[in-house]
Amino acid sequence: MKSILQNRKFLYIIFSFIIHFSFAQSTGIVRGKIIDKLTKEPIIGALIQLDSAKLVSQTDENGDFKIEKIPVGSYNIKISYIGYLSQTKFNINITSGNAQILGFELVEDSKQLEEVEVTINRNRLASMADIITPLSTQSLTTEEIKANPGGNFDISRVVQALPGVAGSPTGFRNDIIIRGGAPNENVFYLDGVEIPVINHFQTQGSSGGPQGLLNVSFIEDVKLSSSAFNAKYDNALASTFEFKQREGNPERLSGNLRLSATELAATFEGPLSKKTNFIVSARRSYLQLLFEAIDLPIRPNYWDFQYKVSHRFDNKTTLKFIGVGAIDEFAFGKTRKSSPENEYILRSNPFINQWNYTVGAVLTRSLNNGNLNVALSRNMFNNDLDQFEDRQTGDESKRTLKLRSQEIENKLRIDVTKLKNGWKYSYGIVAQYVKFNNNISNKLRKEIKDSNGNIIQPELTINSNTTIDFVKYGAFGQLSKGFFANRLTASLGIRTDMNTFTTEGNNPLNNLSPRLSMAYSVSDKWKISGSVGSYSKIPIYTLLGYKAANGEFVNKNMKYIQSIHYVAGVEFLPKEDLRFTLESFYKDYSNYPISKRTGISLANQGTEFGAIGNEEVTSNGKGQAYGFEFYIQKKLTKNIFAIFSYTFVRSLFSGSNGVLIASSWDNRHLISGIIGRKFKKGWEIGLKYRFAAGAPYTPFDDVTSQRNYQTIGVGTLDVSQLNSLRLANFNQFDFRGSKTWNFNKWSFQLYMDIQNAFRFNTPSFPQYTFKRTEDNSAFATSDGNVIAQDGSNAIPVILQNNDPVFLPSFGFIAEF
C-alpha cells in the first residue's frame, strides 16, 4: 500500500512538472530595428503597435525595440512616426520559441495635405512596394513562404504562386520562368550580394534545379520585380529577386531544428558581442534513402550551409558578412525490380558532382541625406558530369560525356543614394574579375557503318578545353521625383555594361540601357502605372568559353542579349489589407543565341540536368513575349489570407530561319490560388491550386533516335518539328496543415504538406527507349538476335509516363 502511494506521489510530481514546463509560458517576444530607408540611420521614438493586443512600444536611441509577454498567435504590426509614412507587416507569428526579429525601413513623408498622406499610406500598407518604383513588383514575407502549401520551405517553389511566374512544365524542377523568359534571365541578390546559384543540382548556364538551397529561417522578405528594374542591377532580362535576411537574436543563443521526409536542417543564432550578432545553418538531405525505399535508381543527396554576421560600428555604419554554399551528388543504385522506366533513368542521366559557394561583405554608411553601399563578394560553381554508354561506368571506351567546369566571379559593387530638394538620385559602378575553366568531351553520336563498311553516320563529338579570364564592368545612374504633391512619381535610369573578352565588349554605347517608369495616383484607391526600358545580358560562360577544334574562340564576337519592355498597369486598393492589380506587358528580344549545329534558339534549352551551351552559336535570334496578369492579394486579417493570380502569356522565339515559333516557356495560361486559415490553439491549414496550360515539346526523329539511343541514352529530337506538340495541362492541388504547441521558452510544430493531394495526372515529356526482354536483362529485337550497333533490329518504345506525382511530407519544427 505504501509503495502504491509512493508511486502515485511520484507520478503526481512528474505530471505537475510536465504541466508547469509545458504551459508555464504561452507568450512570446518580438524585437527589431527601425531605420530611415534613405539614410539607414535609426529612427528614435517610433511607435510600434500590435493589432488585437493592447501592446505598444517605442524605439530607443539605436532604433531598437522589444515587446515581451505577447500572447502567442498571429499579429499585424504597424510602425508609425511623425514625418514618415506608416508601415504594416502582416501575419507575424508569435510563439514561445524564437523571438521574432523584424526590420523596418520607413520612407520620409514631406507632404502636408492629409488627403495625399492617406493615399500614399494606403499604397504602402497594401502593396509593400517602393513608392518610387511601384510597377511589376510583388513581395513575400517569411511567414507566407513557410505556410505555403506544397512549398515545403522552398523559396524557389513558393514564388511560382505570384503572377507571371511559371515553373517546370512537369512540376518537378524549380525553373523560374517569368513572363515567358528563360530561367537564366533572372538575377538574385541576397542582402545586396548577387548569388548566381539558388538551387541544388543546377543546370549550368541556367538557374533551375529540383530543390532550392536558401534557408527560409534567414529570410525576412522577398521582393520580385518583373520589369522596371532599378538601373543598379545588371544582367536582368526577366526579373530581379531581392532576398532580405533578418538579423540574428542579439540577446541569447536560440535556433530551430527542422525535420521533414527529405531533409534535416539546424539553425542557430545569437550575439557575438554587444554590437555583433550571427545566424548560421546547415542542412542535410536523405533523399537517397527515400528513393531507395521506393525502388527508384536515382540516389541524389546534398548538403547546404548559410551564415550571416552583422556588426554595427555605430548608428551610421554597419558591416555584414554573408555566405551560402552547397555540395550536391547525383548518383545511381541498384533497384530490386527492373523496369523500362528505371532503365531509361539510368541511361539518360549523367552522374553529377557539384559544389558552389557565394561569400560577401556589405558595408553600409549613412551620408547626409543618403547612404553609401559597398559590396565585395566571390562566388564559385564547380560542375562535374560523367556519363557512359550502356551504364559501363569507368570504362573510358564507353564514355559519352565528361565535363569538368568551374565558374569563378570576384565582384565589387559601389552605389550611392542621395536626396536633394525632393530629387532622389543614385549612381554607382560594378567591376568583376571572371575566370572560367571548361573541359568537355561529349559524344553526340557514334560512327555507324553498313554491311559493306561504308560510313552511313559519321561520329560527332564535341571536344573543348578552355581557360579564360576577363573583366566585366559597368556604371549606372537613377533619378526619381514626385510631382503634384506626389500624386505623380517618375523614375529615369540608365546603365551600361562592358567586358574585356568579346570583340566589341569595351564599347559603352553598345549596351546602353535607358529605362523610364511613371505612376499616377488617381485617387486614394486607384493608381495607374507605365514603364518602358531596355535591358541587356552578357552571354553565358559556356558559350563565351567554347573553343573549336582549331583552338579558336568561335563565339567571341557574340553580342549582349537585348530585351525592350513595355508595361502598363492599374492598381486598386480598397482596403489596407486588400490589393488588386492588372498589368499588360510586351517584351522584344534581339541578339538571342542560336545553335549553328541545330539552328534552334537557346531559348528552348535549360530544363534538363547538366549544362547548356558548349557549342558554336550566332547572335541573330529574335523573340517576343507578351500578355497580361491579374492579381488579388489579401493579407492576413481576421485569421484569413488569400492570393489569386491569372496570367496569359505567349513566348515566341526564332531560330536560324527567322520564323517565330512557340518557345519552351510558352505556357499561355497560368492560374494560381492560395487560401489559408488560422485557428485558435495553434492550428493552421492552407490550400493551393496551380494550373498551367500544356507546354510545347518536340517529337523524336525516329531514324536518328534508333541509331544513337545506345550511345546517348535518349532519343534525338526532330528539330524540323520544333515545339509542334503540347503536353497535357498541368493541374495540382497542394495541402498543408500544422499544429503548434507553445512551451516554456520553446515551441514545437507538427506539419503535414501534401503535393498533388487530389492525385491529378502529372504531365511529363515522352521518353524514347528500346523494348526490353521479358526478364529485362537485355534489349528485345525484331529478329531475336543481339541488338545491332545501329539499333536497326531494336523495337522502339515511347514511354508516356503521366502518372500522378503524389508527394506527402510530414515533419516537425522545434524552436528554442
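1. Asparagine 486 sits in the loop between β28 and β29 (strands are DSSP runs of E, at least two residues long, and helices are runs of H or I, at least four, numbered from the N terminus). Its phi is near 65 degrees, a positive value in a residue other than glycine. Most residues other than glycine have a negative phi.

2. The loop between β28 (460-483) and β29 (488-499) also holds phenylalanine 484, whose phi is near 50 degrees, again positive in a residue other than glycine. Phenylalanine 484 counts as exposed because its relative accessibility is 62% (exposed is over 50% relative accessible area, buried under 20%, partly exposed in between, with a 1.4 Å probe and protein chains only).

3. Please keep the basis of these remarks in mind: this is a predicted model, where local features need pLDDT of at least 70 and side-chain atom pairs count only at pLDDT 80 or more, while totals for chains, interfaces and linings use all residues. Residues are numbered from 1 along each chain as its sequence is written, and side-chain values use heavy atoms, leaving out hydrogens and water.

4. Where does asparagine 437 lie, and is this residue buried or exposed? Asparagine 437 belongs to strand β25 (residues 423-445), and its relative accessible area of 16% makes it buried. Leaving aside residues up to four places away in sequence, asparagine 437 touches Arg404, Ser405, Gln406, Thr466 and Thr467 (contact means heavy atoms within 4.5 Å).

5. A nonpolar patch on the surface is formed by Leu253, Leu257, Leu264, Phe268, Val280, Tyr307, Phe321, Val359 and Phe816, together about 700 Å² of accessible area. Such a patch takes residues with over 30% relative accessible area and no salt bridge, joining nonpolar side chains (Val, Leu, Ile, Met, Phe, Trp, Tyr) within 5 Å and like charges within 9 Å; a salt bridge is a side-chain nitrogen of Lys or Arg within 4 Å of a carboxyl oxygen of Asp or Glu. Areas are from the Shrake-Rupley method with a 1.4 Å probe; for residues, only the protein chains shown count as cover. Leucine 257 lies in strand β17 (residues 254-259) and, at 32% relative accessibility, counts as partly exposed.

6. Finally, the whole chain. The protein chain has 8 helices and 45 strands. Its radius of gyration is 28 Å, close to the 28 Å that the globule rule gives for 816 residues, so the chain is as compact as a globular protein of that length (taken over C-alpha atoms; the rule is 2.2 Å times the number of residues to the power 0.38). Buried residues make up 57% of the 816 residues.
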